[in-house]
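I opened my notebook today to look up charged side-chain pairs.

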Amino acid sequence: MSSKTELVSVLQRNPQNIRNICILAHVDHGKTTLADSLIASNGIISPRLAGKLRYMDSREDEQIRGITMKSSAISLYFKSEEDEEYLINLIDSPGHVDFSSEVSTAVRLCDGAIVVIDAVEGVCPQTQAVLRQAWLEKLKPILVFNKIDRLITELKMSPDEAAIHLQQLLEKVNAVTGSLFSAEVLEKFSKSTTSSEKVLQPGEQTVYDWSAGLEFSDDSDLYFTPNNGNVIFASATDGWGFRIQQFSKIYAKKLGIHERILDKTLWGDYYANVKAKKILKGAQAKGKRPLFAQFVLDNIWSLYDTILTRRDKEKCEKITQSLGISVSARDKRLIQTDPKGYLKALCTQWIPLSQAVLSGTCEHLPSPLNITGDRVEGLMCGSTYSFDAFPPNTQALKTDFVSCDPSGKVIVLVSKMVAIDPSHLPKAKKKTLTDEEIQERREAAKQRLLDKQNAADTSETNGVATQPATESNDITESEPHFVAFARVFSGTLRKGQKLFMLGPKHDPSHIQEGDDEIVNDLHSYPHISEVTIGDLYLLMGRELSSLCDVPPGNIVGISGLEDQVLKSATLSTTVACPPFNPLSKDNAPIIRVAVEPKLLSQMNQLVDGLKLLNQADPCVRVLVQETGEHVIVCAGEVHLQRCLDDLRDRFAKIKINVSAPIVPFRETVIPRPKVDMMNELIGGQDKDLMQRFKSKAPEDDDMIEDDQSAQKSKRRNYFERKGCVRIITPGNEHEFVLRAAPLPEEVTKLLEIYADDLKILDLRDVEFREKLNRKSQLNNIKTVDEQSENVKINLDTTKRLTDLYLKIKEEFEKTKRKTWVGACDNIWSFGPRRNGCNVLINRVNGYRRPSVWSALLGECPHEKEYRELDQSIVSGFQLATLAGPLCEEPMQGVALILEEWNRGEEEISNEPTDLQESFKKSSKGSLSGQLISTMKEAFRTTFQNQPQRLMTAMYTCDVQATAEVLGKVYAVLGKREGRVVKEEMKEGSDVFDITAALPVAESFGFAEEIRKKTSGLASPQLVFSHWEVISSDPFWVPTTEEEIQHYGEKADFENQATKYMNAVRRRKGLFVEEKTVQHAEKQRTLTKNK
């Protein structure tokens, strides 16, 4: 073990002086350059190479692209001015939006964060995203304003202008933080007011409290302010950085003003009266220069002007003497040839960046001992289940978390698996030889040389020519070695230790046995397995160092888990520990490609490589579709390229064929249009043959006739107008009438937002249905067991589901259409996968079926019933919404309404013998299976009776461009069906912030094209935003005279929806209606040569 590793091992045992931090920022804001400066302070790399080497970017494609693609950790040593020794576990995370899952894995392991912001570009979309991630994980951040040198060299700002610019930038950052804080306070306040509501007595008046709870909340330590020391001004590329407290010490001696006063006044609207040696307020109102510009920025601006602009050698020497800095002769010669290098050499001694960042980290960011109880509960139970519902032995583990007890229960979180080249492992490194070993090897080499010469002489005398012996190279490239990226929260982790691996569905409240009993009967617990800890590693960026044990509060690499852990895991010595809350993913994978080997004989290698890729990347998903295709699902184009390179070069090590990117679509229906393609009103034209009906019907589709004699006729006309489908099962057992309608847009958005909560609602509904079907418990459905099950659901989750019910009901009522009156209380199911954005609504007269909300609202089950084969209809609905009729893509925003359900005589009887007779009469197999397939086709048919549309996935595209290339950015967006949503010009610069919407299907190659067109002056960030309806009808053909005159009989123009639909159908092997010969000419026979 090296001296560095020994020092780290000693520091690991003092959790009070440990800091686990990560660097968060938008792409190209200087995270890795900042990390280089911190690494150089430990002597791992040369200070001259800081910012150029990019030490934490160990991948070749990271160096080529110049962006970080993975989060990597390194342990640094820091000694404060008070001679306190600190161990700082630093994690450098990516800033590109495609790798936001890597940020999630880094944030989960840390207690604090360094948020880096470019002083020119300001608060970018990904900056807001990382601030939100840090807030949700309850990390305490400090702020670094980087690239301040750009204000001097590029924007040519004066110190006063720069001070105003930085103040405005700080206000924007605090505004983001304040919005997160206020949203959380308002949420907590609404919960407390809801829980404290009381029932009013007769005659008692309602008293409304209009306070939002913000005035009672303490936000004193929430915001960033340089006066508190949690803001650092820096230029990582030039190696300098400072907090205003450093200048307070300097000017306290010169001005004779107390240091504490300067700490509070160097930032803000203060100015100095030097003669009176006073600091007064109101610099802006009195036209005075603020202290920050006068005492701080003036010095830095003059330094840049002297070195970079004037290159004044004599003045540089005076500056170094006044600052008490000694510059080497080699660096002095750089004034004329490389002034940037001289500036960096001078600044790293005057105000070194590492000193400012590391000292601020140790002072303001918490240690593992300062972990809060709220964060512990968030890690252990998340937002679904209540911490109080856990058994006492599980709740007792909270003490181990907070105290970081080395002798407590071992609790380890594995956030991801990292693929390491075997040559980088400590075992593969050559050991340092002693003098005796070097002498032995020298003698052995001499002996081998003598033996070779003797053998050559012997062969010459015998006249036999021999080939020189060549040593066989037995070293072969092996598979990557996986190391778990983990943190020890409690207990001491040791090599060879046996721990329980707890699956995501593990519930400690269901475990009654002790840990020893479970070890002997592990096969009875599907969510618990036993693992053995392999080698323990100290993560040092590109290198690993071996450790014997790891105390709590430290970040560590663990080997030997590749066969048990897929992506993340919870390890513990006790099964009472619940699994950690799943990692949050802001950017879900959406782009798919199908891969296959060029040689079919290498299919097994491809499958093995895909398994390794799936394990090594926390965001990628590997699927095998029904067609047998192996599909990779990625977050974006850059992420996709990295995954394919890894598959070729590291994991499968074969040549592969990659399909064109597979973009998901959605299918929906819209209200019937009132104008045609020429914006002409659709009058008496029959645009849709399925909408013809003989008798006239009233325009209001929700009016109810009171005439009983005409009821049946009017209802039939109503069904015909609404595009209803009447269908009968093959054995004439059941008759159904159903129709489709577009859901209100707000209801669809609510279902999309609450998709995760709908899964819990479905579990409650299944439990409710099972209890209702037990005839023996109909009189006492609310049993003790059910009450205990309901307690487990977090009150917050129950409240969210109740709010969802009320919001959906309110949105239905806002439409003021009788079609949606009572629809919320008659929802049969959600789909697809029981948590999608489509609903099945029960409108059958006489069928009082419990809705999906019954278990949540506690409705009385005695008045409700379930018919036979009820779930077969639900299954048909799930299948239909999973694959729509246009191109087998999922539906979205569709309400499928069951209007009538008429049963035959056999089904009305509930006798088992009659049911068996009906099954015998059916000649096509099980009635349940027939009904599923029948309902699936019926739902698809009624979908086709409405105006069908495709929905495409949309990116939000954020581009920063100068005025010179603004037109080129617009041209590229217009070419790819994009539209500009917002355009703003940044104050004090000629840079425009452009926000646009771009279809995912048109985004491939977009970033590269826009960089080429703008000569690298614009770089887009693409984040999945929403689903949008394509306005054109995929089956539209010109029918009216105006349309034929404008578009021609063949309508020879590119219909975007038709193009997308045919491309998806062609890929899936479905029928595509297209002409074989598009433009034919008469064949011309050439004259034969005579």
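My entries on salt bridges follow.

**Entry: the count.** I am working with a predicted model. I looked up the total and found 45 salt bridges in the structure.

**Entry: Arg13 and Asp549.** I picked this pair and got 2.9 Å between the closest N and O atoms of the salt bridge. Arg13 sits in the loop between helix H1 (3-11) and strand S1 (18-25), while Asp549 belongs to strand S17 (residues 549-550), so this contact ties together parts that are 536 residues apart in sequence. I noted Arg13 as partly exposed, because its relative accessibility is 48%.

**Entry: Arg834 and Asp762.** I found a salt bridge here too, at 3.8 Å from N to O. The loop between strand S27 (827-831) and strand S28 (838-842) holds Arg834, and helix H26 (residues 755-773) holds Asp762, so parts 72 residues apart in sequence are tied together. Asp762 has 18%, and buried means under 20%, so I wrote down Asp762 as buried.

**Entry: Glu1028 and Arg979.** I read 2.8 Å, N to O, for this salt bridge. Glu1028 is in strand S33 (residues 1019-1029) and Arg979 in strand S31 (residues 979-985), so the pair links parts that are 49 residues apart in sequence. I have Glu1028 as partly exposed, with a relative accessible area of 23%. Arg979 is also partly exposed, at 40%.

**Entry: a network.** I then looked for shared partners, and Asp118, Lys147, Arg150 and Glu154 turned out to be joined into one network of salt bridges.

Technical notes. Residues numbered from 1 in each chain as written. Predicted model: local features only at pLDDT ≥ 70, side-chain atom pairs only at ≥ 80, totals over all residues. Heavy atoms only, no water. Salt bridge = Lys/Arg side-chain N within 4 Å of Asp/Glu carboxyl O. Helix = DSSP H or I, 4+ residues; strand = E, 2+ residues; numbered from the N terminus. Buried < 20%, exposed > 50% of the residue type's maximum accessible area, 1.4 Å probe, protein only.
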